[in-house]
Structure formats: C-alpha cells, structure tokens
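Reader: Please show me the model. I would like to go through it by question and answer.

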Amino acid sequence: MKFSKLFIPTTKEMPSDASLPSHQFLVRGGFIAQTGAGIYDFMPLGKIVLEKIRAIVKKEMDEAGANEVQFGFVTPLTLWQESGRALTMGSELLRFKDRKNGEFVLSPTNEEAVVNMVKNRVTSYKDLPLHLYQINTKFRDEARPRFGLMRGREFLMKDGYSFHSSEEDLVREFNLMEETYKKVYTKLGLDFRVVEADSGAIGGSGSKEFHVLASSGEDTIVVCDGCNYAANIEAAVRKPNKKEVLDSSVLEKVYTPAQKSIEEVNTYLGTDPFFSMKAVIKKAIYENRKEIVVFFIRGVDELEETKACNALNALELVDAIEEEIIEVGLVPGYCGINGLDGYTFVVDCELQGENNLVIGANEVDYHYKGFDLSALKDVKYFDLIAVKEGDICACCGGKLSYTKGIEAGHIFQLGDKYSKAMNATFLDENGKAKPFIMGCYGIGVSRLVAAVIEQNHDEKGCIWTKSTTPFMVDIIVSNSKNEDEKNMGEKIYEELKASNVEVILDDRINARFGFKIGDFELLGFPYAIIIGKKLLDGIVEIVDRKTLLKTEVKIEEVVSKILNLIK
Ligand code: ATP
Ligand code: MG
C-alpha cells in the first residue's frame, strides 16, 4: 500500500478529553474518529487493526469448536421481558420504539437472543454441547463513556454462549475457553493475567477475567508474590487478619464529644481502630425501591462496594447524603450496631465472634466501649472488605499487592438462569425436560485496540505488536523528488510485497523527511526503512520502532534483514 493512496489523517491536535495515551495516539494517528460521546468511527488504519484482532479471535474460537453466528443488533423488548432483564438492566439498555409503537433495544449482550435461537431447535441431550458466538456491535448507554475505545457506548465484542446437559460439561467448556483466551492474548502479543472475578448478583460459580496489564487500567488486580493467585479487587480474598484481645469485655457508654471518624474516636479513647466497628452508610437501589443500609467493617478496613452490593442483592449502591441518613433516624458519625432493629445492616465476616469493640451509640457525642458482637443474634455476615496491599494470601501465605489491568475478556458459568427464565429445555437421557446449563464468554475486541497501545507506546506514539500492526514495514523515501531514492523505494517495496511482508511506502511528494519520520513514530509500525543520502554508497537504514535505534544495511541485504526481524 502506498501512503499517498491511503486515508491516514494524522494530526498534532490532541482531543481535549483524551487523558490516556491510547486515546490520544489513536485519534492523532487517524485510526479512529469520534462522532459522539462513546461513539467512534474506524478509519482505514484503525479498521485494519480491528480486523486483525477479529481474525485472531475468530480463528481460535473456530478451532475450539464454536460456531459463528450473527444476532440482530436490534432485538425486540419482549425477549428482555421474558428473561426479566427489561427491569433489571437499568439505563445501560437503550430502548426505543418503531413507527408501530413496537419496543426494541440495541443489544448490549445477547443471552436472550441466543436462548431464543436455540430454544425448540435443540431438543435433545444428544445435540449438546453447542457453542455459538458472534463478533458484533454492542451498545451500552454507559454512564461515563471515556478513554476513547476503552469505554465506549458503541463497541465491538466477541460474545459466545455455550449450552450443556450437565454442570461437568459446562466446566469442561469453561476450561477450554480459558485456554482459548490465553491463546488469543498470547497471539496478540500482550502481557496479560487471568484473574478470579466477581460473579455478581447472578451468583453462579466460576467467573474469570482476562486483564491486559497496564498502569492506566481501570481495574485493580490483587496478585500474590508467592503463588499464582490473582483476583479482581471486587472478588479478592485474604487470610483474615487477627489480633489478640487484650482487655476483658465490659460494656460502657463513653462521652466522645465531636469525635466522629474512626481515627478521632480511637485517638480520643486510646483504643486500637482494629477493634472498632466502622459504619459505612449507603443507599441501596433495588428493582423498584431504595433503602438506606449500613455496612459494618473493622476501623482499619475499607468497604469493597461490589461485594457490599452483592451481599444485599442490590442493583447498585450509591452514597447516602447526610439528610437522608438523619431522615431514617440514623445518627451520622455515631452509627453503631447496638439497637439497629428494623434497619438493614450486614457485618464483615472478619468481625464475627469479636468482642471488646468500640461502636457508635446511635446518639450524638457517644460511643460504646467493650461491645461483644458474639452476643448479638441474627447478624448477617459477608465478606465486605477490600483487600489491601501487604495483606496475606489465603492460598500460600505470600504477600498480596496491587497491579492495574484492563479487562479484555470475561468468561462466566451462567447455569440455567436464562434458559429457566425463558423456558428453554432439552430432554435428558430419561426423557425428562431440563433447562439448558449455559456458559457465556466475552472478549472486548475494540477495547483491545486501545489495550494494545496502553501497554505498548512511548511519548512519541503507538508501538503495535507484530500481530496487530496495520503494516510491518514503513519504507520512507526521504526526498520523493529525488528519482534514485524514489525508484529504490519502489524496488524494495515490490520485493517485500513479493515476500508477503505487509509494507507501506511513504511516497508522499510534498511531505518532508521530518514529517514522514514523525508519522512513523506516531503510527507505530514495527520497522522503517529509510532511503536517504547514503543511497549513493549503497546503504539504507532500518529503524526499530520500539527502541528507535537505527542500523545501516547494504541495499542488497535489506529484504533478508527485514525477513529475519519479523520472523
Ligand atoms: P466493565 O466492568 O469494564 O464494564 P463488563 O463486566 O460490563 O465490563 P462484559 O459484560 O463482561 O463487561 O463484556 C465483555 C467484554 O466486553 C469486557 O471484558 C470488555 O473487554 C468489553 N467491554 C465491556 N464494556 C465495554 C465498553 N463500554 N466499551 C468497550 N468494551 C467494553
Ligand atoms: Mg460494564
């Protein structure tokens, strides 16, 4: 391909809202163009990358035995009513009406559509297992679309759904998908980690996420320095922290004037915050109601909101403002577990059995000392805390620390949630109708375009991996008005093409050398061949985009050198 013939509108102008390198460079390099909040067009270079990633995903999915299909981007709302998700999906689900007042949604995911496809078509255990997938546009009306392709509203996803007659067979497919995904990310040339993930309110057993490691990642991943344990912070666990209780437990109400925070109260009383109960008050949003709720954790811990949300089976937790807390009769700053009958509260399981605690007295300026939690009956205990760096690994006793990741894939053992709701059954060996056991498996194809660059860039621009780059080699003719340079460029270009190298020839007559080099650095093809003044001595230069190191090579050797490099 010749540069002069390809639409590559590079620019020095930075989008004003672009904080991430991938967002900046993909826009500046003319890969993508924004048309609305979270909505992007792919220009020729961006489209090539997207298709390369799609092809790698497709090849591995096909090899694993899955069948490619395509669901309509628009689905009737009735399907979503059948599964119940019309009510629970909230505002991420974009709904609209057609001219006949029929209601539809833009697909954010396709569990309903796939169950609808399989229902009454697969009727016997003999036809199972079955795995259907597509690589297709999704729309989610994200509250905060941001970071370019990373969190779009319209994006490209590979979504696969498997159907089984037993849990064991689902687990087999789940493990196969883990291996398949590992192959995909390895082929893409990415440094990634498989992590334990939150299974959400859906419950179910296994759920794993695949994270591309990058400092800009939105997700915090907990990793162990001693073993393979890795988990999204939303699901991470630790070895429970324990300390000896020093004093005996005698309940005593104490005056703590204007001492509200854990730090203030414990400094004032000379007590250890480890043995105090912190009340975190939130507003829980359910399908058709809202409620002020209280989470109790140790004074030294922080609440993990996803865990907290799952504990209550709520759709979402939002901050409760002081007026709302007072309105329901709670006392901000002095909320304690003693006397909370009638309120919804849950307690972190590491507090279970603890005594001699400092807690709020539900009265302004007062706390209790020496509270014995084990005396309280009917308390609901859940894992509610966010694992901290330095905590101890529950698997091996190693030290846990944080790293940042970009969620590039998620595999999930669904069970019969959707098949049951939509009454999709098969006949088992005994002729008995049973709902399909399902798994679902997603890969963020367009997010991966950005993830490759988040992990591989420098201050000058993109550095594509070999399997994702639009072109492997950029032949830069320093001065396209010089006939010798121009002809040599053409010659090497033809030779590389004949050797099946994806090559682009920067033949732009009116672009100066510095400009061409600037574009090479911004666009991030792995190698450039510079044809310049040394051509008179029979020499050209190869530039490695990653290191920006230049090597002089004899013209006769340049093709074989390149073939060696890209092997
Ligand atoms: P997130 O927690 O990032 O919102 P999710 O749990 O909603 O992700 P899934 O429903 O599991 O994501 O979707 C499968 C994959 O699709 C994700 O692993 C991610 O790579 C990608 N994806 C999800 N939401 C977006 C988005 N708004 N923009 C681009 N890619 C996305
Ligand atoms: Mg999401």
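**Reading the model**

Reader: What should I know about the model and its numbering?
Author: This is a predicted model, where local features need pLDDT of at least 70, side-chain atom pairs count only at pLDDT 80 or more, and totals for chains, interfaces and linings use all residues. Residues are numbered from 1 along each chain as its sequence is written, chains are lettered from A and ligands numbered from 1 in the order in which they are written, and side-chain values use heavy atoms, with hydrogens and water left out.

Reader: Is the peptide bond from Leu-128 to Pro-129 cis or trans?
Author: Most peptide bonds are trans. Here, omega from Leu-128 to Pro-129 is near 0 degrees. That bond is cis.

Reader: Is Asn-101 buried or exposed?
Author: Buried means under 20% relative accessible area, exposed over 50%, partly exposed in between (1.4 Å probe, protein chains only). Asn-101 lies in the loop between strand E5 (95–97) and strand E6 (103–106). Its phi is positive, near 75 degrees, and it is not a glycine. With a relative accessible area of 55%, Asn-101 is exposed.

Reader: What is the phi of Ala-258?
Author: Most residues other than glycine have a negative phi. Ala-258 sits in the loop between strand E13 (252–255) and helix H7 (262–269). Ala-258 is exposed, at a relative accessible area of 55%. Its phi is positive, about 60 degrees.

**The ligand**

Reader: Which residues come nearest to ligand 1?
Author: A residue is near a molecule if one of its heavy atoms lies within 4 Å of it. There are 14 residues around ligand 1. The nearest are Arg-140, Glu-142, Arg-151, Gly-152 and Glu-407.

Reader: How much of the accessible area of ligand 1 does the protein cover?
Author: Start with the close atom pairs. An oxygen atom of ligand 1 is 2.6 Å from an N or O atom in the side chain of Glu-407, and backbone polar atoms of Gly-409 and Gly-444 each lie 3.4 Å from a ligand oxygen. On its own, ligand 1 has 580 Å² of accessible area (Shrake-Rupley method, 1.4 Å probe). The protein covers 81%.

Reader: Which strand gives the most to the shell around ligand 1?
Author: Strand E8 (154–164) and strand E21 (400–415) each supply at least two shell residues. The contribution of 4 residues is the highest. It comes from E21.

Reader: With which side chain does the side chain of Thr-220 make a polar contact?
Author: A polar contact is a pair of N or O atoms within 3.5 Å; within protein, one must be able to donate a hydrogen and the other to accept it, and residues adjacent in sequence count only if both atoms are side-chain atoms. Thr-220 is in strand E11 (residues 219–224) and is buried, at 15% relative accessible area. At 2.7 Å, the partner is Lys-404.

Reader: What is the length of the polar contact between the side chains of His-367 and Thr-256?
Author: His-367 lies in strand E19 (residues 366–371). His-367 counts as buried, at 5% relative accessibility. Its side chain joins that of Thr-256 at 2.8 Å.

Reader: How many residues of helix H11 are buried?
Author: Helix H11 (residues 445–455) is mostly covered. Its buried residues include Val-445, Arg-447, Leu-448 and Glu-454.

Reader: How many residues has the largest nonpolar core?
Author: A nonpolar core is a set of buried Ala, Val, Leu, Ile, Met, Phe, Trp, Tyr and Cys residues joined through side-chain atoms within 4.5 Å. Those with the most contacts inside the largest one are Leu-26, Phe-31, Tyr-181, Tyr-185, Leu-448 and Trp-464. Its size is 61 residues.

Reader: How far apart in space are Lys-486 and Val-245?
Author: Lys-486 is in helix H12 (residues 483–498) and counts as partly exposed, at 31% relative accessibility. In sequence, Lys-486 and Val-245 are 241 residues apart. C-alpha to C-alpha, the distance is 82 Å.
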